[in-house]
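Work through each task before reading its solution.

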Amino acid sequence: MELTTSIRSLKGVGAKTEQLFQKAGIFTVGDLLLRFPKSYTKFPEPVEINNAQVGTGEKQAVILRVENPVLVKSTRMMQIAVINGRHSGVKMEFLWFRMPYMKSVLKNGETFILYGIVQDKSGLPSMEQPVVYTPKQYEAIANSLQPVYGLTAGLTNNLYKKVLSQILCQPDLLEEYLPESVRQTGELWSYADAVMQIHFPDSMDALAKARRRLVYDEFFIFLLAVCQQKEQVQKIDNLYPMQIKDALLPLFEKLPYQLTNAQMRVIDEIQQDMYGHTVMQRLIQGDVGSGKTIVAFFAMYLAAANGYQSALMAPTEVLAKQHYETFVQYSALFGIQIHVILLTGSMGARQKRHAYDRMQLYADAMIIGTHALIQERAVYDNLALVVTDEQHRFGVRQREIFALKGQSPHILVMSATPIPRTLAIILYGDLDISVIDEVPAKRLPIKNCVVDRSFRPKAYEFIRQEVAAGHQAYVICPFVEASETLDGENVIDYSEQLKQALPKEISVGILHGRMQADLKNKVMEAFAANEIQVLVSTTVVEVGVDVPNATVIMIEDAQRFGLAQLHQLRGRVGRGTAQSYCILMDTSNAKGTRKRLEVLKQTNDGFKIASEDLKLRGPGDFFGIRQSGDMEFQLADIYQDAGVLQQVSKQVQQILAMDHDLQLPEHEPLKQKMLQYTKNQMDRIPL
């Protein structure tokens, strides 16, 4: 068996199961082995019925001694299996929907451990759809950490673990590629042991060590690729001399508002670069709503005013179209005759041909699009500047390909991720760094509140009032659909819940990452046009269309997200002149969680928020949803793993100083791993 072996060769994987795995992006043994758990479950000690906690929202293990047979009730819709348990005078009801066979499972006189959430149902403690274990079965898992995988519908966690266990007993599948000297310096486990323990850890300590090794790997390969990129773009002569001086001054005078000092500082740095003797390689870091887009427009206009083309690549079609419309509006505002061209993957063949023709015809055009900009058919004429928006969503290799579309063009990268400068220098080692650290004065501060489940009816009423006033709202859920292993709100069920709670005239839409790109675009366009008033979405809206009319964002299960990500999500509102609001729904009932979320009420500074989050998160929190999930890492988080990142950076520099091209025999596995990483990046480019 090899990593490239089809999963169909594994026991228990037939044609139907194979299709389910493929839907989740798993085609080979390697895909299965290197899809790491999303989180872990630690099963609690079983308690008697009278000691169960009602309404906490947390799963509990309750002891049931079967003294009465299971009753199966039939309704028009389904059969419901019901049994009552009692201990020390306290009664509890257990129910299973569409599972009449529970009558033969729960035999009279036997004892079971039932695992689920205890709720109050008309004054009676109740547990719906609990998982049933015998005492022996529960004892076997009680002291272990059980992996939870992010899966697609129809693919259960138990099935994933069962299939995975067939290949974990073959550690020779995983070749060690880090040099022994690196492993010793970093005190790292072997690659095979780390992968084994990340799936089925013996203890929390083992899990932490396994994760550290794999985080080390992710940073190591990424930084090797960054350093390789840096070598290729070392100070190159500027082939696009800017003849027209002060081209931007007339535009500044026509602005209906004043740019911030930070925007002016960054624009000045860009001008110095583009008028300089070498090619610009610059990163602009700007918090949510800091005004990066108009800075990009001025940079592209500077190229156009000097007779050169420029191109801006956005991560989504919705964002690309928004930038296109914004640039057209800016051109009208400033009274300039520059051709703005849009090119996206979903455009029809005729539209694309028209865009290609205009790219050849207008040597000073501003071209805006998605990955379609780096397709083979996209040919530029005189491309002097390339801009990538939200760079962390594009790989190092993608940026290189984009740059190769011109002859050593200037490169401008924009990111809203608040990365401390010391880390940004490592992650974007080939770029100079500018920071826009002010927000335009006209923006009203967003009003924030942290609430629990009891506030939901008031939140729904508040959303209704805002919609009645002509505004719109986002509701963010952590999951797409209900999961057998993960507790939390999901987009599919929550949207139906909202439709019932809100007046019928309010249109409720849904958006999530599993939807086809064209459908996602239609939903976002409908929301932007106010055809949808309330959008229930996953974090896919974190980088989405700018909807100034949206004034409310409610984030369910807010405790599941890192504060930096919550800050990014909060930035979806507060973009217009109306007062905006952020409602953080904390469903954990944990004091520490509430304290962490309260940080968002105290500051709008993304850098400070990220720093505070590190101080407040506990050692086990890194197994949940990560802050920097949009970087190219499966496990690593640039905030909490900052120390590892800095250590890896030194190791990479030492290896390249000794063996620049990785030609030594002991570096051959490392070289092959990096080449595979680069290929994987290429494979992800939708050409």
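**Exercise 1. State which elements cover the buried residues of α17, and on which side of the helix these residues lie.**

Solution. The cover of the buried residues of α17 includes α16, β18 (472-476), β19 (508-511), β20 (534-537) and β21 (550-555), where contact means heavy atoms within 4.5 Å. Helices (H or I, at least four residues) and strands (E, at least two) are DSSP runs, numbered from the N terminus. Next, list the buried residues (under 20% relative accessible area; exposed is over 50%, partly exposed in between; 1.4 Å probe, protein chains only). In helix α17 (residues 491-501), Val491, Tyr494, Ser495 and Leu498 are buried. They lie on the same side of α17, because their arc around the axis is only 105 degrees. The arc is taken from the directions that run from the helix axis to the C-beta atoms.

The model is predicted: local features need pLDDT of at least 70, side-chain atom pairs count only at pLDDT 80 or more, and totals for chains, interfaces and linings use all residues. Residues are numbered from 1 along each chain as its sequence is written, and side-chain values use heavy atoms, with hydrogens and water left out.

**Exercise 2. Determine how many salt bridges the whole structure has, and describe the one between Glu176 and Arg213.**

Solution. A salt bridge is a side-chain nitrogen of Lys or Arg within 4 Å of a carboxyl oxygen of Asp or Glu. By this criterion the whole structure has 19 salt bridges. In the pair Glu176 and Arg213, the closest N and O atoms are 2.9 Å apart. This pair links distant parts of the chain: Glu176 is in the loop between α5 (157-168) and α6 (180-186), and Arg213 is in helix α8 (residues 204-232), 37 residues apart. Glu176 is partly exposed at 24% relative accessible area, whereas Arg213 is buried at 0%.

**Exercise 3. Describe the spacing of the salt-bridge pairs Lys209 with Asp205 and Glu461 with Arg464.**

Solution. Begin with Lys209 and Asp205, whose closest N and O atoms are 3.4 Å apart. Both residues lie in helix α8, four residues apart, about one turn of the helix. Lys209 is partly exposed at 40%, and Asp205 is partly exposed at 45%. In the second pair, Glu461 and Arg464 meet at 2.8 Å, N to O. These two are three residues apart in helix α16 (residues 456-468), and therefore about one helical turn separates them. Glu461 has 32% relative accessibility and is partly exposed; Arg464, at 30%, is also partly exposed. An α-helix has 3.6 residues a turn, so residues three or four places apart point the same way.

**Exercise 4. Characterise the contact of α11 with α12 by class of residue.**

Solution. From α11, Thr293, Ile294, Ala296, Phe297, Phe298 and Met300 meet His323, Thr326, Phe327, Tyr330, Ser331 and Phe334 of α12. Sorted by class, the contact has eight nonpolar, four polar and no charged residues. Here Ala, Val, Leu, Ile, Met, Phe, Trp, Tyr, Cys and Pro count as nonpolar, Asp, Glu, Lys and Arg as charged, and the others, Gly among them, as polar.

**Exercise 5. State how many residues of helix α19 are buried.**

Solution. Helix α19 (residues 563-570) is mostly covered, with eight of its eight residues buried. Among them are Gln565, His567, Gln568 and Arg570.
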